[in-house]
Every structure is written in structure tokens, then in C-alpha cells.
Amino acid sequence: MIGVAAVLGRAYHVPVMVAEVLRVLAPRVGGTYLDGTVGGGGHAEAILSSAEGVRLYALDRDPEAVEEARSRLRLFADRVRLAVGDFADVHDIFGLGEGTLDGVLLDLGVSSHQIDLLERGFTFRPGAPLDMRMGGAVHGGQTAAAVLNQASEGELRDIFRRYGEERRPKRLVREVVARRAWKPFETSDDLVAALEAAFGRPPAPSDRARIFQALRIAVNRELESLTRGLSSLKRLLGSGGRLVVISYHSLEDRIVKRAFALWSRACVCPPGIPVCQCGGKAEGRLLVRRALVPSESEVLRNPRARSGKLRAWERA
Ligand SMILES: C[S@@+](CC[C@H](N)C(=O)[O-])C[C@H]1O[C@@H](n2cnc3c(N)ncnc32)[C@H](O)[C@@H]1O
């Protein structure tokens, strides 16, 4: 079968920091791995090719991504199991037992394919429907338009402030609420017009990106999935198993950084207690002290890699 991207004549997605992923994940002969965000299958292919007999569970919320990956990974068919779903639910989806995985990769965010297709509504290019659901229409859930049209003022303020790091969210909420009473939000143009009115100037590309991303995070409950997913994935790792995460914005990176730091600490007593009371043992160790970032040459080749940050942790 030919993938969707091939039909459209462009790459589905160029995988980010492949060499770094392989270096820290260090797939071993006959090992069992999970790619929780398989996208177009670029990282998955690299993992499957990196050592003899590697087996891979691969998952994506987006049915189109799973189809693309199925086509790309067909040569490895007997070593790959693919499914549509959220990595936070991986335990139920594949029925994996605790301690069964040698490594997990999460490459968060959206694929180039999702951004490039206007009808998926992840872009602020003119005329895009405000959709942004990673699972597409098949899996239902609120679209970005529905969030803008139905969320309470408090919920909107929270979305713009927490997820969009907007310093003056109230003026934007007021604008959205006034506009939706007149005409419901439908397309990217409606939201860009609201931004322009609220800011009193045409929004800079970085403002548009920030606010559109905030809505995407809310529509897909991305931070909840990540928080829930990290702790269930940790339990699936066997001794020496590795969890590698590439994130693309500071909110995600903070969640990963804090989780890995907490799991790497022996003592979890509250600060100020002179002698450790908890007798705790670290569950594992950080594999990289500071997040790895893409090389300059990679960013030149693939500008979409520029905000990537890779963190990795190993189970004791
Ligand atoms: C940056 S792309 C991954 C690209 C992939 N590594 C490759 O080599 O092509 C991110 C993918 O993660 C998926 N995704 C994001 N959050 C997810 C979640 N909670 N569960 C499963 N898939 C998710 C998106 O649908 C998207 O296809």
C-alpha cells in the first residue's frame, strides 16, 4: 500500500534527532520497544533497523498516522504491532504486563502531515477549519471551534494563560465571548481576527502560534495524557529499560523534567527534615543531565526540529 504522504508527493514527517534517540535508547538484539507516537514511522523504522530481532509496539492517536506507519513498516510486519490510541492507555490497548518493555519513545506534538493538511485545522493559515483533534473526526471529541464557542469564560482564561502563556488573557476572552454571541467561531480567520481585535494590532506569527497551540493542547488534553502516560509507561519498563521523550514546548518539557527528576531521587522527605525518614530508593537514573537539542545542521535541514528537547531516563 502507498502512504498518504507519498500520494501527495511530500514527506509525511521528517523524524527529529534520530541519531540521538538511537544513542540513548540503545536498542538491543531481540529487545521489545514501544513507539507511543509513531506518526509516519520514521523513528520506528530506525529502531527496528538498529538491532537484530527488535520487536516494536507502535501507537498513535491519529488513524491516518497508523496507516502511514503500517505502509512504511511493512517489511518488518512480523515484528511490529500497530494500533490507534493514546499512549496513556497503552497498557489496555496491547495488554502489556509490568516490566515487559526494554524501551519507550515518545515524540510529542504534531506531525508535519497534520500541520500541512488544511482540513485537519492545526494551522493558522487562512481558511483552516478550527478542528485540531489528533484522532480526527472518527474519534469524536470537541473541536477547537467547539471549545471557543462553548467553554466558560473561566475555562478560556485558563487555556490562554496556562497553555498559551498569555499575560493578559482577559482581553482575549472578552473578545472571543463578544464575537461568538454574534457568529460562532468556524475557521482560523475567525480566531486571527479575534486576536487582532484583542491585541489592537495584527498578531505576530509567534502570538498566533502560541494561542493556536494553547487550543490544541486543550482540545487533545495533551498535558493530562503526558502526565498519566509517563507514570504508566514507567511501570511497563523492565530493569534497565529506557524512556526517551522529545518535547516541543516548555509546558511538556517541564512535566517530563520533573517526573524524571522525582523518579531519580532516593529521598522524597519534605525539605527541611535533617535526617531521611522515608528510606526511599531511587527508581532509576537520568541518562542525560541537560536536555539534548538538535544540532545546528539538523535545524538547517529541518526547521521544524528547532524546538525539540530530548530527555531520557533508565529504570533501575
Ligand atoms: C511529532 S509526531 C511523531 C513523528 C514520528 N516520531 C515519526 O518518526 O514520524 C507526533 C505524533 O504523536 C501523536 N500523538 C500525540 N499525542 C499522542 C498521544 N497522547 N497518544 C498517541 N499519539 C499521540 C500525534 O498524532 C502525531 O502523529
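Analyst: Start with Ala-26, in the loop between α2 (18-25) and β1 (32-35). The model is a predicted one.

User: Why is Ala-26 called partly exposed?

Analyst: Its relative accessible area is 38%. Buried means under 20% and exposed means over 50%. The value for Ala-26 falls in between, so Ala-26 is partly exposed.

User: What makes the phi of Ala-26 worth noting?

Analyst: The phi of Ala-26 is near 45 degrees, a positive value in a residue other than glycine. Most residues other than glycine have a negative phi.

User: Which loop holds Arg-221, and what is its phi?

Analyst: Arg-221 sits in the loop between α11 and α12 (222-236). Its phi is positive, about 45 degrees, although Arg-221 is not a glycine.

User: Why does Arg-221 count as exposed?

Analyst: The cut-off for exposed is over 50%. Arg-221 has 55% relative accessibility, so it counts as exposed.

User: How do you know whether Arg-242 is buried or exposed?

Analyst: Arg-242 is found in strand β5 (residues 237-247). Its relative accessible area is 17%. Buried means under 20%, so Arg-242 is buried.

User: What makes the link between Arg-242 and Glu-314 a polar contact?

Analyst: The side chains of Arg-242 and Glu-314 are joined at 3.0 Å. A polar contact needs a pair of N or O atoms within 3.5 Å, one able to donate a hydrogen and the other to accept it. The pair is listed as a polar contact at 3.0 Å, so its distance is within that cut-off.

User: Is Ala-146 buried or exposed, and how do you know?

Analyst: Ala-146 lies in helix α7. Its relative accessible area is 15%. The limit for buried is under 20%, so Ala-146 is buried. Ala-146 and Phe-185 are 39 residues apart in sequence, yet 7.9 Å apart in space, C-alpha to C-alpha.

User: Which residues of helix α4 are buried, and what happens at its start?

Analyst: Helix α4 (residues 63-72) has Ala-65, Val-66, Glu-68, Ala-69 and Ser-71 as its buried residues. At the start of α4, a side-chain oxygen of Asp-62 comes to within 2.9 Å of the backbone nitrogen of Glu-64.

User: What makes a set of residues a nonpolar core, and which members touch the most others?

Analyst: The members must be buried nonpolar residues joined through side-chain atoms within 4.5 Å. The largest such core has 33 residues. Leu-130, Leu-148, Phe-160 and Tyr-163 touch the most other members. Elements giving two or more residues include α7 (144-150) and α8 (153-163). The largest share, seven residues, comes from α11. At least three residues come from each of domain 1 (4-113 + 223-315) and domain 2 (135-219).

User: Which residues come nearest to the ligand?

Analyst: There are 24 residues around the ligand, and Gly-40, His-43, Asp-60, Asp-107 and Gln-114 come nearest. The shell divides into six nonpolar, 13 polar and five charged residues.

Definitions and conventions:
Residues are numbered from 1 along each chain as its sequence is written. This is a predicted model: local features need pLDDT of at least 70, side-chain atom pairs count only at pLDDT 80 or more; totals for chains, interfaces and linings use all residues. Side-chain values use heavy atoms; hydrogens and water are left out. A residue is near a molecule or strand if one of its heavy atoms lies within 4 Å of it. Ala, Val, Leu, Ile, Met, Phe, Trp, Tyr, Cys and Pro count as nonpolar, Asp, Glu, Lys and Arg as charged, and the others, Gly among them, as polar. Buried means under 20% relative accessible area, exposed over 50%, partly exposed in between (1.4 Å probe, protein chains only). Helices (H or I, at least four residues) and strands (E, at least two) are DSSP runs, numbered from the N terminus. Domain bounds come from an automatic or database domain assignment.
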